[in-house]
Amino acid sequence: MSVHVRRVEAGEWPQVKALRLRALADPAAPIAFLDTVEHASGQPDRFWQERTVNAAEPSAAAQFVAVTDAGEWVGTATVLPHRERPEAGLVVGVYVADEHRGSGVIDALLDTAAAWALEQGLAALELEVHVDNDRAQAVYARAGFARTGEIETTGFGREWVLRRELAGSEGVRA
């Protein structure tokens, strides 16, 4: 079964909600996401509708999803404008369903996010990963992300800041 990656469409909020709740139910969720399944499941439909519209075209943010030939959503990654560095996009909400881990889905999601960011004139992607989430750190390193030396502290703990320079980004806005 093949998987393709694409940007979400504005009307797909039920699928966005279902995939987010699935991600938050993952055993690694407490150190991977800044949210809980209890909190997210209590959000009204309007929240999910706005979230999806804001990540669909055209927008400064973009959510990408991995979808099987059978139409099952099995992964996601979102790029937001970086709050401190305008030359970079911030990758958040990365998730791949257990049964698709190790099959290249994460690489396709991150490569699609990088291509989109480059089209937006960005020079890099950044993300934050919990210092205890060794599995995610290894995946991101394989995908070209490197530690910047910064550590962010959130209500969920300490997180390494990782950065991936985008190929072909020479001369883009800084």
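What is the volume of the largest pocket? The legends below start there; the model is predicted.

**View 1. The largest pocket and its lining.** The largest pocket has a volume of about 1,000 Å³. Its lining counts 46 residues. A32, F33, G93, V94 and Y140 are the ones closest to the pocket centre. Several helices give two or more residues each to this lining: helix 1, helix 2 (29-32), helix 4, helix 5 (105-119) and helix 6 (134-142). Strand 4 supplies the largest share, with 7 residues.

**View 2. The buried face of helix 4.** Helix 4 spans residues 45-55, and its W48, T52 and A55 are buried. Down the helix axis, the buried residues fall within an arc of 70°, so they line one face of helix 4. Which elements cover the buried residues of helix 4? The cover includes strand 1 (3-7), helix 1 (13-24), helix 3 (37-41) and strand 2 (62-68).

View 3. The whole structure holds 3 aromatic pairs. One of them joins F47 and W48. This pair is edge-to-face, at 4.9 Å centre to centre and with 90° between the planes. Buried or exposed: how does W48 count? W48 has 0% relative accessibility and counts as buried. F47 is partly exposed, at a relative accessible area of 30%.

**View 4. The pair of Y140 and F145.** The ring centres of Y140 and F145 lie 5.9 Å apart, with the planes at 70°, so this pair is edge-to-face. The cut-off for that label is an angle over 60 degrees. Y140 counts as buried at 10% relative accessibility. F145 is buried as well, with a relative accessible area of 5%.

**View 5. R147 over the ring of W160.** R147 lies over the face of W160. The distance to the ring centre is 3.8 Å.

**View 6. The largest cavity.** How many cavities of 30 Å³ or more are there? The count is 1. The volume of the largest cavity is about 30 Å³. Its lining consists of H82, R83, E84, R85, L90, E126, L127, E128, E152 and V161. Strand 5 gives the largest share of this lining, 3 residues.

Technical notes. Residues numbered from 1 in each chain as written. Predicted model: local features only at pLDDT ≥ 70, side-chain atom pairs only at ≥ 80, totals over all residues. Heavy atoms only, no water. Buried < 20%, exposed > 50% of the residue type's maximum accessible area, 1.4 Å probe, protein only. Helix = DSSP H or I, 4+ residues; strand = E, 2+ residues; numbered from the N terminus. Arc of directions from axis to C-beta. Contact = heavy atoms within 4.5 Å. Phe/Tyr/Trp six-rings, centres within 6.5 Å; stacked < 30°, edge-to-face > 60°. Lys NZ or Arg CZ within 6 Å of the ring centre and 35° of its normal. 1 Å grid on protein atoms, 1.4 Å probe; cavity = no way out; pocket = protein on both sides within 12 Å on 5 of 7 lines; lining within 4 Å. Points joined across faces, edges and corners; volume = space filled by probe spheres on them.
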